[in-house]
Amino acid sequence: MRFIDEFRDAGLTQKLSKRIARISIKPARLMEFCGGHTVAIMRNGIRQLLPPSIEMLSGPGCPVCVTANHDIDRAIALAGIPNVTVTTFGDMLKVPGSYSSLQKARAEGGDIRVVYSTQDALQIARDNPTRSIAFIGIGFETTAPTIAASIVQAQKEKLANFSVLCHLKMTPPAMKALLDLGEIKLNGIICPGHVTAIIGTLPYESYARDYGIACVVAGFEPVDILQAVEMLVEQIEKGDPRVEIAYTRGVKPEGNIRALELMSDVFDVTSAAWRGIGTIPASGYKLKDKYARFDAEKVFKIETPPAKEAAGCRCGEVLRGVVKPPECKLFKIMCTPENPIGPCMVSSEGTCSAYYQYGDFNE
Ligand code: SF4
């Protein structure tokens with residue numbers, strides 16, 4: 001198949017759905033790690049195309065959602081420092097921190113600008129040489145190469161007024177942390193397509209080898225996801241867990257070597273705080289010392305009061321796959337996309353947001 005329409009073909013999805021129902025005998029609990037997959041699954045009614053033997057759970061794969069309140073608070077505090085312009089992707093604006101959000105900080109006079117790429121942030125730095133332009137670096141391995149490239153570019157241009165508040169995270173350690181917590185028993189993982197395009201499949205080998213979990217890397221169209229489920233079910237039924245790629249048009253087993261080299265030039269691996277999971281060793285990126293002049297943590301003195309969580313919000317449990325959004329008492333009542341209490345309702349890839357938008361169709 002070559003064209004996107006073919007990956008949305010209703011006839012093919014029906015065929016795959018029937019074949020999965022035919023071959024799925026054992027109960028199978030599958031988790032999609034990636035928020036992009038969560039939205040695609042909900043939007044396309046994929047759960048309704050699967051037999052009762054298969055249960056689907058959503059994981060911690062929305063980068064905005066897993067950002068700890070403490071880190072959001074630091075981004076907001078950065079915007080309060082005189083002469084600082086904060087640049088950020090739009091998803092971050094409405095995310096509530098402990099006491100405020102970037103949107104509220106902007107309404108109160110903070111210079112906070114939404115950008116569509118790190119190149120936009122660099123351009124703002126070039127156009128405003130007397131201001132300090134800080135980019136909020138939230139994301140996974142898909143975003144890390146573009147942020148690394150912006151830092152290398154800033155170094156090349158000697159852009160002294162550009163910096164990054166780096167809260168980038170690595171997905172495989174978070175998945176391993178979830179498995180080690182043991183709260184949920186999984187048989188298979190739908191591995192993230194875009195992340196794997198960068199990091200390759202090697203990091204997932206231990207899930208299959210050490211935890212006996214089937215792993216298939218999937219794309220984001222209905223046929224992509226059902227193909228991945230079919231491959232997972234085949235592995236589970238045969239008792240032969242391994243790592244396979246369904247998303248062959250986007251992913252190579254070795255990943256993107258150039259992107260990995262760029263990331264290893266700019267970043268060191270560090271521990272990172274994950275909402276709902278806690279601090280996970282070696283699960284985040286920080287700027288190497290040689291790029292310290294672009295590290296907002298080092299350039300600015302950022303001070304925040306102790307972080308706190310919104311009362312009643314169950315985002316942490318949602319992100320661990322322990323509860324589904326309707327199990328949160330605030331869902332759809334107090335917490336809506338217009339008035340979000342937690343980040344899972346804000347982000348376009350958030351599980352609560354996906355349930356809010358497509359839940360009636362799915363339930
Ligand atoms: Fe948090 Fe709202 Fe989701 Fe409840 S519905 S877990 S308050 S984001």
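## Salt bridges

Glutamate 157 and arginine 126 join their side chains in a salt bridge, with N and O 2.7 Å apart; such a bridge is a side-chain nitrogen of Lys or Arg within 4 Å of a carboxyl oxygen of Asp or Glu. Glutamate 157 belongs to helix 7 (residues 144-157) and arginine 126 to helix 6, so the pair ties together parts that are 31 residues apart in sequence. Helices (H or I, at least four residues) and strands (E, at least two) are DSSP runs, numbered from the N terminus. Glutamate 157 is partly exposed at 31% relative accessible area, and arginine 126 is partly exposed at 28%. Here buried means under 20% relative accessible area, exposed over 50%, and partly exposed in between (1.4 Å probe, protein chains only).

The model is a predicted one, in which local features need pLDDT of at least 70, side-chain atom pairs count only at pLDDT 80 or more, and totals for chains, interfaces and linings use all residues. Residues are numbered from 1 along each chain as its sequence is written, and side-chain values use heavy atoms, with hydrogens and water left out.

The whole structure holds 22 salt bridges. In one of them, glutamate 309 pairs with arginine 275, the closest N and O atoms being 3.2 Å apart. Glutamate 309 sits in the loop between helix 13 (296-299) and helix 14 (315-319), and arginine 275 in the loop between strand 10 (267-274) and strand 11 (278-287), so this pair ties together parts that are 34 residues apart in sequence. Glutamate 309 is exposed at 54% relative accessibility, whereas arginine 275 is buried at 7%.

## Nonpolar cores

A nonpolar core is a set of buried Ala, Val, Leu, Ile, Met, Phe, Trp, Tyr and Cys residues joined through side-chain atoms within 4.5 Å. The largest has 100 residues, and those with the most contacts inside it are Leu78, Phe162, Leu186, Tyr204 and Phe267. Another core lies apart from it, with 27 residues, among them Ala28, Val223, Leu232 and Val233.

Contact means heavy atoms within 4.5 Å. Beyond residues up to four places away in sequence, phenylalanine 162 touches residues including Ala121, Ile133, Ser150 and Phe294.

## Helix 11

Helix 11 (residues 222-238) is mostly covered, with 13 of its 17 residues buried. Its expected span, 1.5 Å times one less than its number of residues, is 24 Å, which agrees with the 24 Å between its end C-alpha atoms. Glycine 239 follows helix 11 and has a positive phi, near 65°.

## Domains and their interface

The protein chain is divided into domain 1 (4-61 + 171-245), domain 2 (69-170 + 256-299) and domain 3 (315-358), with bounds from an automatic or database domain assignment. The C-alpha centres of domain 1 and domain 3 lie 22 Å apart. Their contact takes 19 residues from domain 1 and 12 residues from domain 3.

Between domain 1 and domain 3 about 1200 Å² is buried, 60% of it given by carbon and sulfur atoms; buried area is the accessible area (1.4 Å probe) that two parts lose on being put together, summed over both. Val39, Met42 and Glu183 supply 35% of the area that domain 1 buries against domain 3, more than any other three residues. Across this interface there are 2 salt bridges.
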